[in-house]
Amino acid sequence: MGEIDGRPCRLTVCRGCCCGTKKKVPGVDHKAQLARLSAIDDHAGRTVPVRTSKCLGICFQANVVVVQPSQKGHAAGGRPVWLGEMTEDGLLDALDDWIFEGGPGLAPLPDALADHVTSKDAKKPKKRKRPKKAKAIEKERRKAKERKAEKASRRPGKKGKGEKDGKKRGRKKDERRKKK
Ligand code: FES
């Protein structure tokens, strides 16, 4: 056991304003996930301590989990690994396997987790802006539509024609009356 003596890996599980909430991450049993993470054992059968934390500042990556290396892993160069969008059970299984193998510094990161590595400085991706040209074209189209609608409202419609016909009919009636 001397080989794996020292502090085991530790997990920090974000449970702030977004992580662990149904509103932000629907369709996930967050309680069950926390229980699952709290039941992870390492190679030596030591239960990995789990701490929940307030918002870690990268809510767009909810649910966030930070894996702290074991003492031995730290000595081997392992550093805390931030994982984002940890919503699927398969990801928790991969995390479990990784910690069992030694975790940061001692075992390679499982492929399943590779796309989930993030950091506390991760920046929320900006919404793609539409090119200015497209915006200008749309503006022009909107203006043209407005102009067309304005013209249509000024032009006399069918009713106007009808009114003219009415006048004609009126005149004909008068002529007939005069003949009588
Ligand atoms: S609530 Fe988890 S990062 Fe904000």
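Which handedness does the β-α-β unit made by β1, α1 and β2 have? A few notes on that and the rest of the fold follow.

1. **Ground rules.** This is a predicted model, where local features need pLDDT of at least 70, side-chain atom pairs count only at pLDDT 80 or more, and totals for chains, interfaces and linings use all residues. Residue numbers start from 1 along each chain as its sequence is written.

2. **The opening unit.** To settle the question: β1, α1 and β2 form a right-handed β-α-β unit. Right-handed here says that, with the strands pointing away from the viewer, the path from the first strand over the helix to the second runs clockwise. The helices (H or I, at least four residues) and strands (E, at least two) are DSSP runs, numbered from the N terminus.

3. **Overall layout.** The protein has 6 helices and 5 strands, and along the sequence they come in the pattern β-α-β-β-α-β-α-α-β-α-α. Residues 24 or more positions apart account for 74% of the contacts with a separation of 6 or more; a contact is a pair of C-beta atoms, placed from the backbone, within 7 Å.

4. **The sheet.** The 5 strands build an open sheet in the order β2-β1-β3-β4-β5, with mixed pairing. At the edges are β2 and β5 (117-118), each of which pairs on one side only. Two strands count as paired if DSSP finds at least two bridges between them. As background, strands of a sheet pair through backbone hydrogen bonds, either parallel or antiparallel.

5. **Who pairs with whom.** β1 pairs with β2 in the parallel sense over 4 bridges, and C14 stands opposite S53 in β2. On β3, the story is antiparallel: β1 (residues 10-14) and β3 (residues 65-68) share 4 bridges. The bridge partners in β3 include Q68 for R10, V66 for T12 and V65 for V13. Next along, β3 and β4 are antiparallel over 3 bridges, with V81 in β4 as the bridge partner of V67.

6. **The core.** The largest nonpolar core has 23 residues, and L11, V64, V65, V67, L83 and I99 touch the most other members. By nonpolar core I mean a set of buried Ala, Val, Leu, Ile, Met, Phe, Trp, Tyr and Cys residues joined through C-beta atoms within 7 Å. β1, β3, β4 (81-83) and α3 (89-101) each supply at least two residues of this core, and α3 gives the largest share, 5 residues. Leaving out residues up to four places away in sequence, I99 touches C9, I40, D42 and V48.

7. **Burial, and the P49 loop.** Buried residues make up 22% of the 180 residues in the protein. The cut-offs: buried is 20 or more other C-beta atoms within 10 Å of a residue's own, exposed is 12 or fewer, and partly exposed is in between, with C-beta atoms placed from the backbone. P49 sits in the loop between α1 (30-38) and β2 (50-53), and is partly exposed because 14 other C-beta atoms lie within 10 Å. P49 and T12 are 37 residues apart in sequence, yet 8.6 Å apart in space, C-alpha to C-alpha.

8. **Helix α5.** Have a look at α5 (residues 132-154): its 23 residues reach 33 Å from first C-alpha to last, close to the 33 Å expected at 1.5 Å a residue. The expected span is 1.5 Å times one less than the number of residues. Of the 23 residues of α5, the number buried is 0, so the helix lies largely in the open.

Technical notes. Two residues are in contact if their C-beta atoms, placed from the backbone, lie within 7 Å.
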